[in-house]
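Trainee: Could you pick one part of this model and take a close look at it with me? I'd like to see how it ties in with what's around it.

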Amino acid sequence: MIVLRHKIEDLLYVSCETVVGGTLYKTSPFFIQVTGQLIYKFTLKPNHTELVAGKKLVLNCIVEAEFNVVVDFQWEYPGKMADQPVLSSQKRELNEGLELSSTLIINNITMAEGGTYICRANNGFDIKERAAEVIVHEKPFIHVNYDKSPIIEATVGQKNMYFPVKFRAYPKPEIKLYKNGKFISKSPSFNKVKLSSSGLVIGDVTEQEAGNYTIVLRNNKAKLEERLHLQLVVNDSREGSGFPDQHLPTWKSPDTDLHRLRDPCSCEDTMVLEAMGALWSKILPQPTVSKLVILAANISVMYNCSAFNKVGRDDRVIYFYVTSIPEGFGIDLQPSEIPVEGENVKLRCNADNYTYENLRWYRLLPSALEGELGEPPVLECKSMHLFAKEMKGVMMMDSLMKGVALELQIPSITLNDEGDYVCEVQNKKTGEKHCHRKYILVRAQEMPSLLVNLTDTSVNISDSIHMNCKASGTPHPTVIWFKDEKPLHELS
């Protein structure tokens, strides 16, 4: 017997009665304790921690729930079978519920115990889990990585000068920056120099920023220190001979070091590289221009143009798409533009897969074509799904069209399948949706009929005779000739 909770949750006890053979049977009282099941909040703190081997790890799994909730906590972690951590549980009343927690403590953590720690909370109705990443280092460390030249050149007026300095350390070290041996504080005079975990940035370069820079990372407790020395040379671009030497831009193409957008295939594109020389004036530099001409394109690729001088370099990526699909996507109807009732019809939406994604087929509902005043409403692609039923298609790659296709198959098409079908695609770059609409007109089947009656004909022996049998019908009928009620067969 099942008793709904809301009928007994206010009772102290219940009992059960039944009558068998005219005799009343009654159970002893069952005392009721209603347990809750709602969990408001579930957290594992901290969810990411780093520490050195030998230190103590403390993780707290906390549940906030309604009153009378019973929660069973289970932990899963690396080395669980070997080590026995300290587990403790606590329960605390809040204004609108309970706070239940389980604490996991490992006093002397080892390198093998680093990894993912999972806490699961089971209230009898549902199981929730949270994960925390624990990174254990063998010992404190400071690593500094800088693989460029320690001498960097810049020009006056350059917006940002970037030194790609990267460092990793545990625990977090004290970081100080010096220029020409003088500590750079946070005073306004030094606010153009910034140091972050990704590098050193000097903004709005002037001649005053030239000098020797030293980055010092220090951990006094572990007696660790790393230093990196850099020199910034600032060129004055206003001087006639002060422009840095400039090199012609270089192209990466399919014939050199090109990374293809899709599967590798043979490429026979003919490329002509025409470079025009650079001239320097005493006031402003003239641009260096490099032109890439593709005479016969037959593959989609990615071109990369690089320009560099002794101050630095800049790169631009150009995506070059080749497709044989007009307008990027379209609809193809097979086996014919006006199928016959009973034929197997394939409606294919072809799209350039470099430009479009998320292909979908819809069939317009009759209500979409009937306006309030008898005129059909104006349908927009973004709201097409409100007036149409989505149809399931088969996705396939179309190597001939260099794209992707979503094929809608209609086996044994009927007159009821006649109507408007819409293919929807989404632009990968902008996210905008585009639609093509195709109306399928279905021809009803018609019984064959002879259009011209045969007439008697007389010919001489050994003469040739030509007779026509014209017939109509949908689908096109097959014509068979008979002679003396016996079928004639075409000679091979």
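Mentor: Let's start at aspartate 420, which is buried with a relative accessible area of 10% (buried means under 20%, exposed over 50% and partly exposed in between, using a 1.4 Å probe and protein chains only). Before we go on, keep in mind that this is a predicted model, where local features need pLDDT of at least 70 and side-chain atom pairs count only at pLDDT 80 or more, while totals for chains, interfaces and linings use all residues. Residues are numbered from 1 along each chain as its sequence is written, and side-chain values use heavy atoms, with hydrogens and water left out.

So what does aspartate 420 do with its side chain? The side chain of aspartate 420 meets that of arginine 437 in a salt bridge, at 3.0 Å from N to O. That pair links distant parts of the chain, 17 residues apart: aspartate 420 sits in strand E34 (residues 419-427) and arginine 437 in strand E35 (residues 433-440). Elsewhere, salt bridges that share partners join Glu174, Lys176, Arg218, Glu225 and Arg227 into one network. By salt bridge I mean a side-chain nitrogen of Lys or Arg within 4 Å of a carboxyl oxygen of Asp or Glu.

Now back to the network. One of its links is the salt bridge between glutamate 225 and arginine 218, whose closest N and O atoms are 2.8 Å apart. Glutamate 225 is partly exposed, with a relative accessible area of 39%. Arginine 218 also has glutamate 174 standing opposite it, with the arginine's position lying in E21. The strands there are E17 (residues 174-179) and E21 (residues 211-219), which run antiparallel with 6 bridges joining them. Both are in an open sheet of 5 strands, ordered E14-E22-E21-E17-E18 with mixed pairing. Its edges are strand E14 (151-155) and strand E18 (182-183); each has a single partner strand, so one side of each is left without a neighbour in the sheet.

For another salt bridge, look at glutamate 129 and arginine 120, whose side chains meet at 2.9 Å, N to O. Glutamate 129 counts as partly exposed because its relative accessibility is 42%, and arginine 120 is partly exposed too, at 26%. In total, the structure holds 16 salt bridges.

Strand E7 (residues 57-65) pairs in the antiparallel sense with strand E5 (residues 39-45) over 6 bridges, and leucine 44 stands opposite cysteine 61 in E7. E7 is also joined to strand E10 (residues 97-106) by 9 bridges, again antiparallel. Here isoleucine 62 stands opposite serine 101 in E10. Serine 101 counts as buried because its relative accessibility is 9%. Leaving out residues up to four places away in sequence, serine 101 touches Cys61, Ile62, Phe73, Ser88, Ser89 and Gln90 (a contact means heavy atoms within 4.5 Å).

To step back, the protein has 1 helix and 39 strands. Of its 492 residues, 32% count as buried. Among contacts between residues at least 6 apart in sequence, 62% join residues at least 24 apart.

Methods
Helix = DSSP H or I, 4+ residues; strand = E, 2+ residues; numbered from the N terminus. Pairing = 2+ DSSP bridges.
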